[in-house]
Amino acid sequence: MDMSGGHDMGGMMAPPPSPPGGGGMGMRMRYTHMTFFWGKNSEILFAGWPGANGGMYALALVAVLALAFVLEFLGSRRLDALLPRAAAGGGRRAAAGAARAAVHALRVGGAYLLMLALMSFNGGVLLVAVAGHAAGFLAFKAGLFGDGRAQVEDGCSKEELEPAAC
């Protein structure tokens, strides 16, 4: 008698049985969440880090905060003023372009790394990432080291082709 209710299961099989002894001594607990949660037991960027250690969790939060702060610096006018401008000479122009490309690559790579840290779905990581961006914005774009005006990134600079909206 067909117990599947007329539905073909398409060759699906039951999951393999668990090993004897409930997983054995070599198995370690993984902290994988798919919704936001609050707590220090998590994995951020690397397997097993910070784990259940509160001190390592605090270090991970400091690292996320610092990364978000540095990302704001890498996108600021202050850094832009320190980078060489493209001059008329071919060698200097290539060096200036290479320096700007290297900073851009660092900024994009750091942003992706921060995004991966946020994908741990830990509420503390989200809060310190936002705090790091806010502190970096305050420091480099809106006041402390900036020119006192918020940097608006509308794409309408004299060095670039103007978009149709400008």
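## Terms and basis

Buried means under 20% relative accessible area, exposed means over 50%, and partly exposed lies in between, with a 1.4 Å probe and protein chains only. At 9% relative accessibility, K141 therefore counts as buried.

This is a predicted model: local features need pLDDT of at least 70, side-chain atom pairs count only at pLDDT 80 or more, and totals for chains, interfaces and linings use all residues. Residues are numbered from 1 along each chain as its sequence is written, and side-chain values use heavy atoms, with hydrogens and water left out.

## Overall layout

The protein chain holds four helices and two strands. Their order along the sequence is β-β-α-α-α-α. Helices (H or I, at least four residues) and strands (E, at least two) are DSSP runs, numbered from the N terminus.

Of the 166 residues in the protein chain, 22% are buried. The accessible surface comes to about 11700 Å², and carbon and sulfur atoms hold 67% of it. Such areas come from the Shrake-Rupley method with a 1.4 Å probe; for residues, only the protein chains shown count as cover. Take contacts with a separation of 6 or more: residues 24 or more positions apart account for 53% of them. Contact means heavy atoms within 4.5 Å.

## The nonpolar core

A nonpolar core is a set of buried Ala, Val, Leu, Ile, Met, Phe, Trp, Tyr and Cys residues joined through side-chain atoms within 4.5 Å. The largest one has 12 residues: I44, Y57, A60, L61, V64, A68, L71, L114, A117, V125, V128 and A129. Helices α1 (54-74), α3 and α4 each give two or more residues to this core. The largest share, six residues, comes from α1.

V125 is one of the core residues. Leaving out residues up to four places away in sequence, V125 touches I44, Y57, L61, V64, A117, L118 and S120.

L127 sits in helix α4. L127 is exposed, with a relative accessible area of 51%.

## N122 in the α3–α4 loop

N122 lies in the loop between α3 (90-118) and α4 (123-140). With a relative accessible area of 1%, N122 is buried. Its side chain makes a polar contact of 2.7 Å with the side chain of Y57. A polar contact is a pair of N or O atoms within 3.5 Å; within protein, one must be able to donate a hydrogen and the other to accept it, and residues adjacent in sequence count only if both atoms are side-chain atoms.

N122 touches F36, F37, G39, S42 and Y57, with residues up to four places away in sequence not counted.

## The E72–K141 pair

A salt bridge is a side-chain nitrogen of Lys or Arg within 4 Å of a carboxyl oxygen of Asp or Glu. By this rule the count is one. The pair is E72 and K141, with the closest N and O atoms 3.1 Å apart. E72 is in helix α1 and K141 is in the segment after α4, so the pair links distant parts of the chain, 69 residues apart. Both E72 and K141 are buried.

## Annotated segment

An unreviewed UniProt entry lists residues 55-74 as "transmembrane region". UniProt positions are given in the numbering used here, feature names are shortened, and annotations may be inferred rather than shown by experiment. In the model, residues 55-74 are 100% helix and 0% strand, with the end C-alpha atoms 29 Å apart.
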